[in-house]
Amino acid sequence: SSSDGSKLAAGDYHGYIYTSSDSGATWTARTGAGYHSWTGIASSSDGGKLAAAAGYGGHIYTSNCDFE
């Protein structure tokens, strides 16, 4: 999450990454990185950059995140 908790990111173990810009009230599927078994996700303190690890392939995805 961002340091103030307003921007959140979560990875579905068998699915997509989801983001929220309203402290979790609503979520948006981010399909650009594809459908994976996400094993970890991290965010910059402002919530603008994400890094996510996908299992079974050993890939790490990074992205600037547009929460708008």
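Three strands make up an open sheet here, ordered E1-E2-E3 and paired antiparallel (a pair needs at least two DSSP bridges between the strands; strands are DSSP runs of E, at least two residues, numbered from the N terminus). Strands E1 (8-11) and E3 (28-30) sit at the edges with a single partner strand each, so one side of each has no neighbour in the sheet. From one strand to the next, the twist averages 30° (axes are lines fitted to C-alpha atoms, with angles from 0 to 180 degrees between N-to-C directions).

This is a predicted model, where local features need pLDDT of at least 70 and side-chain atom pairs pLDDT 80 or more, while totals for chains, interfaces and linings use all residues. Residues are numbered from 1 along each chain as its sequence is written, and side-chain values use heavy atoms, leaving out hydrogens and water.

**Strands and pairing**
- Strand E2 (residues 17-20) runs antiparallel to E3, and three bridges join them.
- Isoleucine 17 has arginine 30 as its bridge partner in E3.

**Overall shape**
- The radius of gyration (over C-alpha atoms) is 11 Å, which agrees with the value near 11 Å for a compact globule of 68 residues (the rule is 2.2 Å times the number of residues to the power 0.38).
- The C-alpha trace spans about 30 × 20 × 15 Å along its principal axes.

**Burial and contacts**
- Of the 68 residues, 22% count as buried (under 20% relative accessible area, 1.4 Å probe, protein chains only).
- Among contacts with a separation of 6 or more, 27% link residues 24 or more positions apart (contact means heavy atoms within 4.5 Å).

How values were computed
Helices (H or I, at least four residues) and strands (E, at least two) are DSSP runs, numbered from the N terminus. Buried means under 20% relative accessible area, exposed over 50%, partly exposed in between (1.4 Å probe, protein chains only).
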